[in-house]
Amino acid sequence: MPSYRYKLLSSGDDDGELTTKPTTRRKNVLFALVAAAAALYAMFTAVRFVVRTSRLPCNSRMGMHRNLSSLPEHFTLASGDKIPSVALGVWQAGRNEVGNAVKVALKAGYRHIDDAWVYYNEEEVGQALKDSGVPRSEVWLTSKLWNTFHAPEDVEPALDESLSKLGTDYLDLYLVHWPIAFKKGTNQFDPELTANPYPTWQKLEEMVEKGKVRNIGVSNFNIPRLENLTANPLKIKPAVNQVELNFWNPQPDLLEWSRENGIPLEAYSPLGGTGYVQKSLDVPEVKAIASELGITPAQVLISWHVQRGTIVLPKSVTPSRIEENLHVVALPDDLFETLETAATSHPPHRVGNPSKGWGIPFDIFDDYPYDDVEAAGEREGAENWGKGVV
Ligand code: A2P
């Protein structure tokens with residue numbers, strides 16, 4: 001809750017600037033003007049307070065113990081575009097439920113939907129956007145280029161398909177979904193196209209020039225893969241890198257590299273994904289902070305992501321959770337540090353890794369010795385990611 005300090009007004013007699021004394025009548029007029037200005041200011045402050053607090057968690061206990069302030073609603077990308085800091089993630093949001101989730105989200109105030117060709121729900125998302133009545137220009141829409149379409153000649157047709165399904169003629173952001181290319185028309189690893197992502201990137205740059213996409217970026221790239229791409233004479237630097245970030249896999253080194261190199265991170269599976277969400281919400285530090293601040297554990301985690309400077313993409317198809325997840329709040333510094341320390345002081349545990357399931361002969365993230373990939377957190381069902389695509 002903001003507190004305002006009022007500076008006492010000078011009488012005007014003692015500052016040496018006013019040379020003529022006002023008559024009593026003029027004094028009264030002056031007094032009335034000052035009183036009216038003060039009343040207007042108080043009204044403005046009250047309205048601003050109501051507007052600000054309406055974006056904070058709806059929990060009635062909120063702020064009982066600490067003064068809470070709001071977090072940025074947007075981050076500004078290198079292009080100058082403002083990307084809303086909290087998005088609705090729609091990975092694993094199934095058919096016949098994703099459309100409603102999008103409508104609920106837009107009604108609740110979300111203005112950012114994170115989709116992908118391979119989520120197989122672009123059509124329903126596009127329809128929901130249209131039905132919502134929210135103008136296209138007010139919504140940040142992201143989609144992603146699937147692994148099968150890295151060959152330069154396949155990029156534009158894949159993008160066109162996403163545009164058509166989403167019912168739009170441009171995307172705000174288009175990402176290379178994985179640093180892994182599959183051979184054309186198959187689900188098999190293509191080592192050459194994977195080793196050199198530059199031809200694919202050049203085609204994406206062309207899509208920006210054509211106006212089909214406003215920003216381009218990558219997803220699931222680790223530092224060596226980012227360095228491999230950015231060592232080329234890029235016309236456009238990746239706008240973002242979307243990666244798994246959560247309590248179990250907070251990736252502080254990648255976060256630091258990203259800050260230093262001006263490529264912000266987007267956090268997918270920010271609550272740990274379906275398999276780890278309950279465990280995340282039960283982390284003692286998360287629960288303690290939630291209880292101290294009077295917000296929910298999910299709000300603590302989502303706030304933490306935004307406060308780390310990452311764009312956060314919580315997925316939910318449940319209306320009450322969709323609403324809950326939008327309400328972020330700045331954690332007081334000491335509580336933020338408590339959570340950051342807790343998240344970064346256990347061995348990292350990636351909750352999703354499709355390397356083995358896709359038959360890739362190395363760990364895509366270079367996190368672990370290859371034989372440990374599975375034990376180190378292969379997400380249940382990850383071997384099926386993208387299957388049935390061709
Ligand atoms: P559901 O979609 O059924 O509401 P992540 O964003 O890390 O991928 O996590 C997604 C999982 O977390 C989904 O199972 C989703 O369930 C669940 N979830 C999303 N928001 C919340 C919340 N506020 N509280 C509890 N579970 C949530």
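Modeller: Angles of 65 to 115 degrees between axes count as roughly perpendicular. This is a predicted model, and the axes of helix α10 (residues 284-293) and helix α11 (residues 297-307) cross at roughly 100°.

Colleague: What makes α10 and α11 roughly perpendicular to each other?

Modeller: The crossing angle is roughly 100°, and the range for that word runs from 65 to 115 degrees. The pair is therefore roughly perpendicular. Their axes come within 8 Å.

Colleague: Which residues in α10 and α11 meet?

Modeller: From α10 there are Val286, Ile289 and Ala290, and they meet Pro297, Val300 and Leu301 of α11. By class, this contact has six nonpolar residues, no polar and no charged ones.

Colleague: Why is α7 called roughly parallel to α8?

Modeller: Helix α7 (residues 223-230) and helix α8 (residues 252-261) pack at an angle of about 25°. Angles under 35 degrees count as roughly parallel, so α7 is roughly parallel to α8. The axes of the two helices are 10 Å apart.

Colleague: How do the residues of the contact of α7 with α8 divide by class?

Modeller: They divide into four nonpolar, no polar and two charged. On the α7 side are Ile223, Leu226 and Glu227; on the α8 side are Asp253, Leu254 and Trp257. Glu and Asp count as charged, so Glu227 and Asp253 are the charged residues here.

Colleague: Now the ligand. How many residues surround the ligand, and which are the closest?

Modeller: The ligand is surrounded by 17 residues, and the closest are Leu271, Gly273, Lys315, Ser316 and Thr318. The shell has seven nonpolar, seven polar and three charged residues.

Colleague: How much of the ligand's accessible area does the protein cover?

Modeller: On its own the ligand has 570 Å² of accessible area, and the protein covers 88% of that. The elements that give two or more residues to the shell are α9 (273-281) and α12 (319-326). Of the elements, α9 gives the most, with four residues.

Conventions: Residues are numbered from 1 along each chain as its sequence is written. This is a predicted model: local features need pLDDT of at least 70, side-chain atom pairs count only at pLDDT 80 or more; totals for chains, interfaces and linings use all residues. Side-chain values use heavy atoms; hydrogens and water are left out. A residue is near a molecule or strand if one of its heavy atoms lies within 4 Å of it. Accessible areas come from the Shrake-Rupley method with a 1.4 Å probe; for residues, only the protein chains shown count as cover. Axes are lines fitted to C-alpha atoms, for helices over the stretch in contact, and angles run from 0 to 180 degrees between N-to-C directions. Angles under 35 degrees count as roughly parallel, over 145 as roughly antiparallel, 65 to 115 as roughly perpendicular and the rest as oblique. Contact means heavy atoms within 4.5 Å.
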